[in-house]
Amino acid sequence: MPDVQSMVAEFVNKLRKRKIEGSQATAKCTVELLRSVISHQRVPHANQAAALIDAVKAVGQQLVAANPVELAVGNVVRRVLHIIREEDLSLTTAAMAGLDLLDASDDDDIDNCKGIGYPAMSAAVVAAAARSTLRPPSLQTLLEGTPESATVPYTSSSGADSESKTADKSSLTRKLKHDVIEGVNQLIQEISGCHEQIAEQAIEHIHQNEVILTLGSSRTVLEFLCAAKEKKRSFRVFVAEGAPRYQGHLLAKELVARGLQTTVITDSAVFAMISRVNMVIIGAHAVMANGGVIGPVGVNMAALAAKKHAVPFVVLAGSHKLCPLYPHNPEVLLNELRSPSELLDFGEFSDCLDFGAGSGSLQVVNPTFDYVPPNLVSLFITDTGGHNPSYMYRLIADYYSADDLVM
Amino acid sequence: MESRRNPRAVVDPKVRQVGFFTSSQPDSSSTQQQTEPISASASASSPPVSTISPSGNSLSPVMIPPPRLNSSDTFPLRNAAAGATSAVSPSSFSYSNRRDFPDGSTTASPGRHSRGSFVKSSAPVASSLPGIGMDSMAAAKSSSVPASGLTTVSVVTMPPGLAENASGMEVQSDQKKNSKSLKEKTTKAERRAIQEAQRAAKAAAKADGGKVPPGTSASLASTSVKVAKPAKPSTQKNEVAVSAGVTEKKGGPSEKDRKKDAPHPRMQYDDESRVVKAKRRAVVKQTEAKNRVELFRHLPQYEHGTQLPDLEAKFFQLDPMHPAVYKVGLQYLSGDISGGNARCIAMLQAFQDVIKDYSTPPEKNLNRDMTSKISSYVSFLIECRPLSISMGNAIRFVKNRIAKLPITLSESEAKAALQSDIERFINDKIIGADMVIVKHAVTKIRDGDVLLTYGSPTAVEMILLHAHELKKKFRVLVVDSRPKLEGQLLLRRLIKRGISCTYTHINAISYIMHEVTKVFLGASSVLSNGTVYSRVGTACVAMVASAFRVPVLLCCEAYKFHERVQLDSICSNELGDPNAISKVHGREDINYLDGLTNNANLQFLNLMYDATPSDYISMIITDYGMVPPTSVPVIVREYQKEHLLV
């Protein structure tokens with residue numbers, strides 16, 4: 001256990017110091033950490049799911065508190081919680097199915113049934129099965145309060161035979177944990193594979209001789225554009241440089257290395273150039289449930305300009321960026337102010353500032369993110385396909401369970 | 001405004017007719033005899049307008065209608081109605097606002113202004129009767145003057161010969177101006193069509209004898225219009241004769257004139273033959289950028305920083321270049337002088353030096369030689385840095401003044417007149433205009449305001465400092481953008497004066513726009529479709545502001561207005577140094593693009609200006625008052641008429 005504790009502490013520290021950049025990297029680290037938390041979590045005999053959920057939640061809360069602006073952390077924690085709940089639910093149904101059998105036959109049969117009937121079933125299939133068959137009961141459990149209530153009848157009913165019960169219990173525990181970890185692994189795969197999934201769709205959206213504007217440095221956008229380039233589409237890319245972090249320079253460098261026609265423009269020239277642009281493609285930092293986007297600073301300006309000139313504004317987002325929260329005043333509350341030294345050198349204005357004499361003061365504002373309201377977004381491209389902003393809430397509902405929205 | 005365009009359409013074919021008729025003078029005299037009564041009756045039908053005008057005073061804003069009246073020979077009723085409605089024509093702005101301008105000399109401007117419209121009004125009528133004898137010409141002239149609301153209706157009903165004498169006393173002073181302005185027009189025309197109009201030019205020259213130099217005449221004309229009228233019939237006759245002669249030969253070139261008024265098509269750099277030609281002429285040897293942006297082939301894309309050492313080396317060889325111009329050119333090139341006003345003033349002062357040191361070469365005409373000199377200097381300046389629109393306007397003014405110098409003036413007199421003209425342009429149109437703008441704009445700043453400005457517009461800076469002096473309490477957000485970071489300079493100056501500031505970059509504009517109450521912007525030029533041509537990024541700021549429902553106030557001197565129209569920022573623009581983008585000043589850690597500058601796949605586009613659509617602009621504060629962007633074409637029209645006579 002102590003090693004998990006120290007891992008969590010280390011990760012929290014990293015988050016707090018903003019050592020990890022990019023929502024994908026953060027998401028990946030978070031899942032991996034949660035996986036080790038789950039695997040190290042000693043599960044009690046009763047309410048194993050609840051124990052796992054509590055453990056994950058506890059860690060999750062620490063992580064979210066460490067960097068509340070990095071929404072990917074919260075998203076991933078919720079995803080893991082969702083996986084636990086689904087796995088638990090599918091096991092419960094299996095157990096309930098087994099209960100029917102138990103009434104008819106021996107304990108051995110149950111073991112057989114559990115050991116042979118379901119072992120190869122992957123978490124996704126189980127989850128899908130749970131989703132299709134168990135929607136009504138899950139709603140019922142929701143209404144009755146705690147999901148654990150479903151497991152209660154099983155333990156109590158099988159409490160009669162002690163010998164076989166313990167063996168059965170331990171296998172069941174291992175089963176849940178195993179399934180959950182399997183599900184988490186799948187999530188990791190999904191997160192690391194989202195670029196390819198999104199890039200596959202590039203060819204459908206980029207045509208010959210297209211002019212594309214992008215800003216910020218997003219690996220998803222890079223892969224997306226390169227995928228289209230590999231399919232022999234020729235198009236040119238305008239990259240806004242993205243002062244004061246100049247992520248655009250980074251992106252431009254990568255694009256040029258991959259042989260794309262790239263033009264770097266200043267951020268102020270976005271409006272001037274947008275009339276000659278066919279499509280704006282950006283990578284999101286997070287997508288809110290209302291379809292709003294949090295992206296690199298300056299993105300709202302580009303979105304407004306695109307709207308003015310009726311240029312499609314396309315947002316690329318892996319599923320780990322879908323946040324189940326609705327934003328309120330996101331420009332301020334979901335933003336982060338970086339060091340002023342990126343704008344003005346330290347001490348540069350110290351000669352003009354005279355605090356004693358009640359003269360003018362100087363503030364420097366250097367936000368990191370920008371919020372784009374959903375009405376400015378034309379299309380979301382996620383790893384599950386293209387979606388309208390108004391559909392995002394529904395998409396998000398598939399990934400999270402309602403119990404976890406408030407952690 | 002519709003009715004405004006009409007008269008032109010009506011007048012145009014007549015002018016064309018004149019060009020045809022001048023060649024067959026004797027035959028046409030009969031038809032002109034017929035047309036003359038028509039115009040007289042037309043002006044007789046106009047009295048309703050002159051009664052509508054609050055006074056016969058020449059300072060009245062109603063002085064604008066005359067162009068309409070004169071074309072009333074076709075639509076008398078309609079034009080009378082139009083004249084009535086246009087009593088509230090936008091030029092009344094100029095009047096009321098000009099009046100509270102502190103400088104005494106500019107109170108003359110309404111007078112000048114109206115004279116501007118006079119020229120327009122009287123010229124077409126006169127030219128519609130080209131081949132006619134002196135007397136009937138004079139009659140036509142005098143009958144057209146009453147229509148402009150100066151004298152009584154009865155004059156018109158009199159026979160032509162009588163009218164000339166009767167109205168002579170009252171109209172004389174105005175006619176003097178009239179003929180003078182007409183003459184000015186002609187000397188300009190004469191330059192172009194000098195061979196065919198030699199005789200008339202002589203007549204004009206004779207009339208010049210009694211004329212005052214233009215510099216003094218403007219101040220003379222201002223208030224004493226009604227007072228001074230010692231009429232000497234002989235001089236008046238002479239002047240009328242001049243005007244007749246003038247209009248006679250005016251018929252030919254007047255259309256060319258109008259065509260020339262339309263802005264020249266700019267040099268397109270994708271036209272190879274012309275580029276080659278221009279290169280042969282060029283003083284500054286520029287190497288073309290290797291990695292040009294395809295979309296901007298039509299704009300010059302040169303390697304930056306290569307010309308300066310070369311030019312400096314050539315300093316002593318450049319024989320024809322005046323050192324003052326040369327110095328200004330180098331300053332443009334190195335970026336030491338930037339900003340529309342600063343560049344314009346520097347250029348005009350260089351021209352003043354040029355004029356001071358000028359001496360007419362033997363066997364040459366001062367007017368023409370100096371114009372060509374100035375043109376060569378201007379093309380040198382263009383090679384250093386493309387002209388701003390404000391500079392184009394100033395150059396046009398200088399050339400106009402040179403072209404209209406009376407031939408009879410001695411060289412020293414002419415030089416003095418030109419220098420004082422340029423001085424007055426700087427003082428009135430640039431410095432004075434800024435003072436008026438400040439005066440207007442300060443009324444819009446209230447306590448507790450949060451004002452946003454972008455870049456470092458001089459007018460806005462003056463406004464902020466003045467408001468601070470008035471002890472208004474406000475905060476300023478300075479938004480800046482790469483690569484010039486001019487905002488830092490503004491920020492420094494504002495903080496030194498004790499104004500509380502917030503500094504940020506243009507990407508963060510949506511973040512800070514929440515707290516902003518007003519946006520003050522500067523402009524490089526305002527085009528006649530209301531588009532604002534300004535430092536790149538202004539459009540972004542204006543767009544975000546209007547998205548956040550924050551009013552955008554644009555401060556721009558009227559001499560920067562231009563009749564050109566532009567819809568986007570691509571067709572006409574200026575490209576800055578592309579290397580300024582790849583290298584981030586003061587940030588050694590940003591070096592991703594080092595070594596990639598010559599990669600064929602990578603271009604850097606450093607746009608200097610952009611075009612802000614007029615719907616983002618709430619108000620334009622100019623020296624003619626605070627107007628909506630839709631009023632820009634009106635000011636351009638009125639201003640440019642005045643411009644000819646400044």
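Student: In which sense do β1(A) and β4(A) pair?

Tutor: This is a predicted model, in which local features need pLDDT of at least 70, side-chain atom pairs count only at pLDDT 80 or more, and totals for chains, interfaces and linings use all residues. Residues are numbered from 1 along each chain as written, chains are lettered from A and ligands numbered from 1 in the order written, and side-chain values use heavy atoms, without hydrogens and water. Strands (E, at least two residues) and helices (H or I, at least four) are DSSP runs numbered from the N terminus, and two strands pair if DSSP finds at least two bridges between them. Between β1(A) and β4(A) there are two bridges, and the sense is parallel.

Student: Which residue stands opposite Met279(A) of β4(A)?

Tutor: Strands of a sheet pair through backbone hydrogen bonds. Opposite Met279(A) in β4(A) stands Ile212(A).

Student: Over how many bridges do β4(A) and β7(A) pair?

Tutor: Val280(A) stands opposite Phe313(A) in β7(A), and Gly283(A) stands opposite Leu316(A) in β7(A). Strand β4 (residues 279–283) and strand β7 (residues 313–316), both of chain A, pair in the parallel sense, and the number of bridges is four.

Student: Why is β4(A) described as largely enclosed by the rest of the structure?

Tutor: Met279(A), Ile281(A) and Gly283(A) point one way, Val280(A) and Ile282(A) the other. Buried means under 20% relative accessible area, exposed over 50% and partly exposed in between, with a 1.4 Å probe and protein chains only. The strand β4(A) is largely enclosed because its buried residues number five of the five.

Student: Which strands form the edges of the sheet?

Tutor: The open sheet has eight strands with mixed pairing, in the order β11(A)-β10(A)-β7(A)-β4(A)-β1(A)-β2(A)-β3(A)-β9(B). Each edge strand pairs on one side only: these are β11 (385–387) of chain A and β9 (602–605) of chain B.

Student: Which element gives the most to the lining of the second largest pocket?

Tutor: A pocket is an open set of points on a 1 Å grid over the protein atoms alone where a 1.4 Å probe fits, with protein on both sides within 12 Å along at least five of seven lines; lining residues have an atom within 4 Å of a point. The second largest pocket is lined by 40 residues, with Glu21(A), Gly22(A), Ser217(A), Arg245(A) and Gln247(A) nearest its centre. Elements of chain A that each supply at least two lining residues are α2 (23–40), α11 (219–230), α12 (247–257) and β6 (293–296). With four residues, the element giving the most is α12(A).
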